[in-house]
Structures are given as structure tokens and as C-alpha cells.
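Colleague: I would like to learn how to read a model like this one. Could you take me through it, feature by feature?

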Amino acid sequence: MWNRKIRSGIRSSIPAHISQSFQGLWPSLLPVLAFLLACSLLPSVAAQTCGTQGVAVQVLGSGGPELQDKRASSSYLVWEDGQAKALIDAGGGSALRFGESGAQMSQLDVIFFSHFHVDHSGDFSALIKSSWFEDRKNPLPIYGPPGNDFMPSTTEFVSDFFGDKHGAYRYLSELLEPGEDGSYKMQPHNVEAASTPIAVFHNADLSASAVRVIHGGVPALAWRIETRDKVIVFSGDTNGEGAGLVKLATDADLFVAHNAAPEGVTGVERNLHMPPSVIGEIAQQAHVKKLVLSHRMLRTLGKEAQTESEIRKRYAGPLQFANDLDCFPIK
Ligand SMILES: [Zn+2]
């Protein structure tokens, strides 16, 4: 009633001859109005930055832990037909990139963690908080490594943030604790993997398997995501020892490897990360169809020519260095 009064008041305040000629314009204005309406719906579509068809990997974070690399830390999305289906790692800065990518937390089928160093997990809680404002109803499975004296397991890690007793962000415990009234629940799982790939997750859209990789003393996983007939493998952080990563990456359409150590590095850095020669060796042995180098740190940035030449001695396929928000469609 109130609205009708206002509308009729507005109409009566327009002079009759203008009102009549405006009415005469209605048919010609309809296409304009339809266009304006379409434009108002566009942002949610246009904001999607990694294509609307097929399978693609988007790099949310291409950097390492140092903020001076001016890159978000490790994080990747697997897109399928314009939907962000899987998130791999959530390093610092990646939550902002997630928003910039046009992805929605409500689209994700699953989250995979390679390990829990800060540069792979620091923005996890920011992403979960953002999801609280979305209309997510489905459970959110979260898979990652088991723990040791040095690192929490995946279930501990999630609970350390969102557990109702001691979680740092226990005010959001409704998204984890079964008895509480949250719109959805996180479902964390510890993945006990070895050097032979094990199946971890599957649904109608994608499946995932993992191997344990060596990353100093930190429990760490490499992930293989298969969607339709496309295969994407994420090395995570590893020094490349053992045969697991080659097995996991065999015939991958895309292999995302971490370029965190330059050739010739020794000591702790070599114990944690693989130099370019090892990346090239693994890519060649696994016959991967394309190699993307990410986790670029100050010690490898600027050394791309040397890195590429070491890899080229072993691997002849396509190779690209990743930047934040790069999108790699899988043909
Ligand atoms: Zn690490």
C-alpha cells in the first residue's frame, strides 16, 4: 500500500503530455531495459577469470614465503566448466587472489593440503570465514598429511582453528562441530600415503590420489587430480627423493612443480626442495605433457634462463613459469 501510494504519487506528478509520450516510448525502451538487466547480471559471470568451459588450473599464489617476492604464497584452483571444484593449498595472500579469481567457496567440492608450512596454509581460516557469508550447504572435505612431533595432522590443524574448546577461531566452531547449527561442516581427514599412489577422494566430477613426498622432516603429500580425461599433478614442496612423485605424475597433462631452489644449492634448502635438474628429471621420467614452475622465491626469481636450461637438458616438453592468477586450460 505504501509503495503503491508513492508510485502513484510520482506518476501523478509527471505532466500528462510527458507521461503519454513516455508510454509511447515503452516498446522501444524494452530492448534497452533488457540490456541493462543483463548487464546487472554480468559481474558474477564476467568476474570468472579462468574460462567457462573445460578443465583448467589457476595459480592463486606463485610465490614462496617471502613477501618481497610480491606474490601470494602457494595455492591453486582446479576449474571445471567455470566452477572452482578443488583448492590445493592456501598460502598467505591466496585468499585475496581467490576473490580476484571470481571463485566462490560454495563451489568447492574439496580442499587438498600438501603440508602445513605457513606459505601453504596461512590463509585457510580467511577462506573459511569468507565462506560463512555464502550459501554453502554441502559438507567440505579437507584432505592433508598426518602429523608428527613437528607438525599437526590435518584434523589437528583444522581443529586448532575451529575446534569449540581450544580453537583460535572457536567462534566459528559451528562449521566444524557436529552438534552445532552451522550451514555446512568441514570434514578433515588425515591421508597416510606412501610412495605408491593411493586413491583418496572421488565424486562425480573429480578424483584425487596422493603419494608421500620428502620435504625435510615435514609430513608432505603430492596430489594427482583427475577430472574427465584430464590429469593434473601438484608436486607440493619436496626435494624430489624417492620414486613416488614420478609414479604419481606419469602421463599427466599438467605437472605443477615448485621452483624453490636454484641449481647447485646445498644444505637445508636442498634437503627441502628440488633444484631444476631434479624437476627436469622427474618431468622427463613421468612423460608429463606440460610443466609449470611455481613457488618462485627470491633465490630463484631472476634465474629463469639458468633454470630453464637445466630443465631442458632433461625435459623437452612445454614449460612455463607461473605468475599469480595465471590460468592454464588443459587442452
Ligand atoms: Zn614447505
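This is a predicted model: local features need pLDDT of at least 70, side-chain atom pairs count only at pLDDT 80 or more; totals for chains, interfaces and linings use all residues.

Colleague: What is the average pLDDT of the protein chain, and where is it below 50?

Modeller: The average over the protein chain is 90, and 86% of the residues score at least 70. Residues 1–19 have a pLDDT below 50, and this stretch has two contacts in the model beyond near neighbours in sequence. Residues 35–46 also stay under 50, with zero contacts beyond four places in sequence.

Colleague: How many helices and strands does the protein chain have?

Modeller: There are ten helices and 14 strands. Of the 331 residues in the chain, 44% are buried. Taking contacts between residues at least 6 apart in sequence, 64% join residues at least 24 apart.

Colleague: How are strands held in a sheet, and in what order do S7 to S13 lie?

Modeller: In general, strands pair through backbone hydrogen bonds, running either parallel or antiparallel. Here seven strands make an open sheet in the order S7-S8-S9-S10-S11-S12-S13, with mixed pairing. S7 (198–202) and S13 (319–321) are the edge strands; each has a single partner, so one side of each lacks a neighbour in the sheet. On average, neighbouring strands of this sheet are turned by 20 degrees against each other, direction ignored.

Colleague: Which strands pair with S9, and through how many bridges?

Modeller: S8 (residues 206–213) is joined to S9 by eight bridges, and the two run antiparallel. In this pair, alanine 210 stands opposite tryptophan 223. S10 (residues 230–234) is joined to S9 by five bridges, also antiparallel.

Colleague: Is S9 mostly buried or exposed?

Modeller: Seven of the eight residues of S9 (residues 220–227) are buried, so the strand is largely enclosed by the rest of the structure.

Colleague: Which residues have the most contacts inside the largest nonpolar core?

Modeller: They are Ala222 and Phe255, in a core of 82 residues. Leaving aside neighbours within four places in sequence, alanine 222 is in contact with residues including Ala210, Val211, Val213, Val233, Phe234, Leu245 and Leu248. Ser114 is also among its contacts.

Note on methods
Residues are numbered from 1 along each chain as its sequence is written. A nonpolar core is a set of buried Ala, Val, Leu, Ile, Met, Phe, Trp, Tyr and Cys residues joined through C-beta atoms within 7 Å. A residue is buried if 20 or more other C-beta atoms lie within 10 Å of its own, exposed if 12 or fewer, and partly exposed in between; C-beta atoms are placed from the backbone. Two residues are in contact if their C-beta atoms, placed from the backbone, lie within 7 Å. Helices (H or I, at least four residues) and strands (E, at least two) are DSSP runs, numbered from the N terminus. Two strands pair if DSSP finds at least two bridges between them. pLDDT is the predictor's confidence in each residue, from 0 to 100. Axes are lines fitted to C-alpha atoms, for helices over the stretch in contact, and angles run from 0 to 180 degrees between N-to-C directions.
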